[in-house]
Amino acid sequence: MEQIEKNSKEGENKDRASWIAHDSIKRLVDALYVEHRTDLDDIPNIICIFRAKALFSAGKVTIASIKKVSEKENLIHSYYDGHEDIDYVLEIAADIWPGLNAIQKEAVLMHELQHIDQTMKNDDIKWGLRKHQIEEFASVLNRYGLYMSDIKEFVVETKGAEDLRPRPRVERPHVKVVNEA
Ligand SMILES: [Zn+2]
């Protein structure tokens, strides 16, 4: 889940869900997945929908989130002709998305794609979700340093980001072709 800070009363938007399908985002998401999740053998069917108004939680606004579609949901959808199994739904806040620049948009989509997980069960692909690599507070690291191996590994992996310059690849983000209408 990708979140940014925003002052808001929690739960104030519970009844504001209204949804918009967006095919061009799906093509971008698929392209990013193929390029960056080469650690996985198969390609899931990801559909992308826009939520008219962002959800808030603990004072933060959720820009995007990814959810797995259950067997039960796919069975229900299978009553309609031509329905293919859907593995994931990527939800994006339509009221936040246009305000992000191209690099931020690509990073948000990349973040959500990193949650995708795949295991094999009896020769069948099982799609799942994986958690963030670390969950931590800056104040704890400031006081105690890299006190656990997962935190150390995370910091080593992100060493290239310390100058805060966009990586060369990101200077030509896929997302610049998105029609934000
Ligand atoms: Zn996340």
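User: How many of the residues of the protein chain count as buried?

Analyst: This is a predicted model. Burial is judged by how many other C-beta atoms surround a residue, with 20 or more within 10 Å as the cut-off. Of the 181 residues in the protein chain, 18% count as buried.

User: Which residues of the largest nonpolar core touch the most other members?

Analyst: The core has 23 residues, and Val29, Leu90, Ile92 and Ala93 have the most contacts with other members. Two or more residues each come from α1 (23–36), β3 (46–51), β4 (55–57), β5 (60–68), β6 (88–93) and α3 (102–114).

User: What does valine 29 touch, leaving out residues up to four places away in sequence?

Analyst: Valine 29 touches Ile46, Cys48, Leu90, Leu109 and Leu113.

User: What is the order of helices and strands along the sequence?

Analyst: The protein chain has five helices and eight strands. Their pattern is β-β-α-β-β-β-α-β-α-β-β-α-α. As for contacts between residues at least 6 apart in sequence, 74% join residues at least 24 apart.

User: Where is confidence lowest, and where is it highest?

Analyst: Where pLDDT is low, the predicted coordinates should not be read in detail. In this protein chain the average pLDDT is 83, and 78% of the residues score at least 70. Strand β1 (residues 2–5) has the lowest confidence, with a mean of 59, while helix α4 (residues 138–144) has the highest, at 95.

User: Over which residues does pLDDT stay under 50?

Analyst: One such stretch is residues 7–15, with eleven contacts beyond four places in sequence in the model. Another is residues 176–181, with seven such contacts.

Conventions:
Residues are numbered from 1 along each chain as its sequence is written. This is a predicted model: local features need pLDDT of at least 70, side-chain atom pairs count only at pLDDT 80 or more; totals for chains, interfaces and linings use all residues. Helices (H or I, at least four residues) and strands (E, at least two) are DSSP runs, numbered from the N terminus. A residue is buried if 20 or more other C-beta atoms lie within 10 Å of its own, exposed if 12 or fewer, and partly exposed in between; C-beta atoms are placed from the backbone. Two residues are in contact if their C-beta atoms, placed from the backbone, lie within 7 Å. pLDDT is the predictor's confidence in each residue, from 0 to 100. A nonpolar core is a set of buried Ala, Val, Leu, Ile, Met, Phe, Trp, Tyr and Cys residues joined through C-beta atoms within 7 Å.
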